Amino acid sequence: MKTLLGAAAVAAVMLTVAPASAAKIHSGCTGANLEKTETAVEAMPDADANKMPAFKEIADAQGAMLSGKMGACAMHLGNAMRASMMK
C-alpha cells in the first residue's frame, strides 16, 4: 500500500512540474521570435558560411511550429539564432 501511495505521489509531482518546464522551453518558439531571427539572418553578409544553414533552421522551425512540434521548433530556432550570432 505504501508503494502504491508513493508512486501516486511521484506521478502527481511529475504531472505538476513537467508542463511548467515544458512551457518555459517552448515559449521561445513564437512568430515574433521567428521574425526577429529571420531579420538577423538576412542582415548577415552573403559570403557568411552560416547564412544558408541558418535559413534552413528557420524553415525547419516554421515547419515544426505548424506541425505543433514546439520542442523541435525551439531547437531549430535556437540553432538559427546561434548561427546568426557567429562571426
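Q: Which residues make up the largest nonpolar core?
A: In this predicted model, the largest nonpolar core has seven residues in all: Cys29, Leu34, Ala61, Ala64, Cys73, Ala74 and Leu77.

Q: And which elements give two or more residues to this core?
A: Those elements are helix H3, spanning 51-66, and helix H4, spanning 70-85. H4 provides the largest share, three residues.

Q: What does Cys29 touch, leaving aside residues up to four places away in sequence?
A: Cys29 touches Met65, Met70, Cys73, Ala74 and Leu77.

Q: How many residues are in the second core?
A: The second core is separate and has six residues, among them Val41, Met44, Ala54 and Ala80.

Q: Turning to helix packing, at what angle do H2 and H4 pack?
A: Helix H2, residues 31-42, packs with H4 at about 30°, and their axes are 9 Å apart. Because angles under 35 degrees count as roughly parallel, H2 is roughly parallel to H4.

Q: Is the crossing left-handed or right-handed?
A: H2 passes H4 in a left-handed crossing.

Q: Which residues meet there?
A: From H2, Asn33, Leu34, Thr37, Ala40 and Val41 meet Leu77, Ala80, Met81 and Ser84 of H4.

Q: What about confidence: what is the mean pLDDT of the chain?
A: The chain has a mean pLDDT of 74, with 68% of its residues at 70 or more.

Methods. Residues are numbered from 1 along each chain as its sequence is written. This is a predicted model: local features need pLDDT of at least 70, side-chain atom pairs count only at pLDDT 80 or more; totals for chains, interfaces and linings use all residues. Side-chain values use heavy atoms; hydrogens and water are left out. A nonpolar core is a set of buried Ala, Val, Leu, Ile, Met, Phe, Trp, Tyr and Cys residues joined through side-chain atoms within 4.5 Å. Buried means under 20% relative accessible area, exposed over 50%, partly exposed in between (1.4 Å probe, protein chains only). Helices (H or I, at least four residues) and strands (E, at least two) are DSSP runs, numbered from the N terminus. Contact means heavy atoms within 4.5 Å. pLDDT is the predictor's confidence in each residue, from 0 to 100. Axes are lines fitted to C-alpha atoms, for helices over the stretch in contact, and angles run from 0 to 180 degrees between N-to-C directions. Angles under 35 degrees count as roughly parallel, over 145 as roughly antiparallel, 65 to 115 as roughly perpendicular and the rest as oblique. A crossing is left-handed if the near helix is turned anticlockwise from the far one by less than a right angle, and right-handed if clockwise.
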